[in-house]
Amino acid sequence: MQIEIDDKSGFCFGVVRAISEAEKALADGGVVYSLGDIVHNRVEVQRLERLGLKTISHEEMEEVGERRLFVRAHGEPPKTYEKARKLGIRVIDATCPVVAKLQARVKKAYELMQPVNGQVVILGKRGHAEVVGLTGQVDDKAVVIEGMKDLGLVDFGRPIYFLSQTTQSIELFEELVAEMKRRAADPDRVMVVDTICRQVANREGHLEEFARRFDVVIFVSGRKSSNGKVLSEVCRAANPRTYLVEDQTEIEAEWFRGAESVGICGATSTPKWLMQQVADHIGKSDF
């Protein structure tokens with residue numbers, strides 16, 4: 001069976017940077033505490049935990065003492081840094097530069113909307129670490145929408161400043177922009193800034209083409225990954241025989257019945273070594 005790993009899949013720049021920073025800190029010895037999963041991939045988190053990384057929640061920050069606390073690529077709201085300062089914690093900040101720029105933009109948007117009784121609206125997944133960090137820049141005074149069904153949360157009689165979580169779908173963002181302008185009392189008062197990361201978004205068209213080339217597609221991703229959900233659905237729309245797995249143990253022989261080719265791809269939070277592991281497993285199996 002022909003097996004091919006997509007050369008454009010795998011860690012984006014922000015995740016590569018975060019993993020590199022974590023490995024560097026761990027090489028110095030001692031435990032490094034990560035505020036939440038460093039990346040939304042269970043297998044990669046487990047690898048780093050074996051090197052000494054310990055994942056904790058915000059509620060457990062007091063237990064860190066004056067040791068090292070890692071802020072992952074998703075970023076954090078200002079109150080997290082303030083709490084760390086008060087506790088004497090040394091912060092290793094690996095916020096993705098694209099996310100950090102968006103955080104600053106959200107603050108600026110809020111400042112612009114205040115004098116005109118406007119609102120900041122963010123396309124994003126509620127509760128997602130990046131979105132929590134974004135809304136935290138303005139004391140949670142932004143409206144978060146996940147799709148068309150949430151537009152009832154927006155006051156279309158007031159000015160709107162619309163932005164997006166970096167890993168959202170460009171198509172959905174554009175659809176929401178069109179609908180907001182249609183509903184707005186004054187379309188000219190709907191300010192739109194496309195803040196979707198192109199290193200992530202540009203993968204959609206590529207993966208669509210990639211998925212069509214194979215009989216079966218195995219999409220490798222952590223189930224917590226928002227980006228993984230979006231990109232796996234892109235593959236599934238192009239090829240119904242697309243299957244999402246976290247690692248090779250989840251692969252089922254019946255998926256390959258009659259198949260002569262398999263494409264393996266993944267999310268921006270999926271390490272290359274894990275995709276290779278999946279490919280090796282398929283290659284050694286008698287499907």
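Me: Where in the chain is Arg 67 found?
Reply: The model is predicted, so local features need pLDDT of at least 70 and side-chain atom pairs count only at pLDDT 80 or more, while totals for chains, interfaces and linings use all residues. Residues are numbered from 1 along each chain as its sequence is written, and side-chain values use heavy atoms, leaving out hydrogens and water. Helices (H or I, at least four residues) and strands (E, at least two) are DSSP runs, numbered from the N terminus. On that basis, Arg 67 is found in the loop between β3 (53-56) and β4 (68-71).

Me: Which residues does Arg 67 touch, not counting residues up to four places away in sequence?
Reply: Contact means heavy atoms within 4.5 Å. With residues up to four places away in sequence not counted, Arg 67 touches Tyr 33, Ile 89 and Arg 90.

Me: What relative accessibility does Arg 67 have?
Reply: Buried means under 20% relative accessible area, exposed over 50%, and partly exposed in between (1.4 Å probe, protein chains only). Arg 67 counts as partly exposed because its relative accessibility is 41%.

Me: What distance separates the C-alpha atoms of Arg 67 and Ala 109?
Reply: Along the chain, Arg 67 and Ala 109 are 42 residues apart. Their C-alpha atoms are separated by 35 Å.

Me: Which side chain of opposite charge is nearest to Glu 130?
Reply: Glu 130 lies in helix α5 (residues 129-135). Lys and Arg count as positive and Asp and Glu as negative, while His and the chain ends are not counted. A salt bridge is a side-chain nitrogen of Lys or Arg within 4 Å of a carboxyl oxygen of Asp or Glu. Glu 130 is buried yet has no salt bridge, and at 10 Å away the nearest side chain of opposite charge is Arg 72.

Me: What does Glu 130 touch, not counting residues up to four places away in sequence?
Reply: Residues up to four places away in sequence are not counted for Glu 130. The contacts of Glu 130 are then His 74, Val 99, Leu 102, Gln 165 and Thr 166.

Me: Is Asp 150 buried or exposed?
Reply: Asp 150 has its place in the loop between β7 (143-145) and β8 (160-164). Not counting residues up to four places away in sequence, Asp 150 touches Arg 126 and Ile 145. Its relative accessibility is 9%, so Asp 150 counts as buried.

Me: How many residues apart in sequence are the parts that Arg 213 and Glu 4 tie together?
Reply: Arg 213 forms a salt bridge with Glu 4, with the closest N and O atoms 2.8 Å apart. Arg 213 lies in the loop between α8 and β10 (216-220) and Glu 4 in strand β1 (residues 2-5), so the separation in sequence of the parts they tie together is 209 residues.

Me: How many residues apart are Arg 42 and Asp 247?
Reply: The side chains of Arg 42 and Asp 247 meet in a salt bridge, 3.3 Å from N to O. The pair links distant parts of the chain, with Arg 42 in helix α2 (residues 42-50), Asp 247 in the loop between β11 (242-245) and β12 (261-266), and a separation of 205 residues.

Me: Which is buried and which is partly exposed, Arg 42 or Asp 247?
Reply: Arg 42 counts as partly exposed, at 34% relative accessibility. With a relative accessible area of 10%, the buried residue is Asp 247.

Me: What separates Arg 212 and Glu 208 in helix α8?
Reply: The side chains of Arg 212 and Glu 208 meet in a salt bridge, 2.9 Å from N to O. Because Arg 212 and Glu 208 are four residues apart in helix α8, the separation is about one helical turn.

Me: At roughly what angle do the axes of helix α8 and helix α9 cross?
Reply: Axes are lines fitted to C-alpha atoms, for helices over the stretch in contact, and angles run from 0 to 180 degrees between N-to-C directions. The axes of helix α8 (residues 203-212) and helix α9 (residues 226-238) come within 8 Å, and the crossing angle is roughly 40 degrees.

Me: How are α8 and α9 oriented to each other?
Reply: Angles under 35 degrees count as roughly parallel, over 145 as roughly antiparallel, 65 to 115 as roughly perpendicular and the rest as oblique. The axes cross at roughly 40 degrees. The orientation of α8 and α9 to each other is therefore oblique.

Me: What is the phi of Asp 140 near?
Reply: Asp 140 has its place in the loop between α5 and β7. Asp 140 is a residue other than glycine with a positive phi, near 60 degrees.
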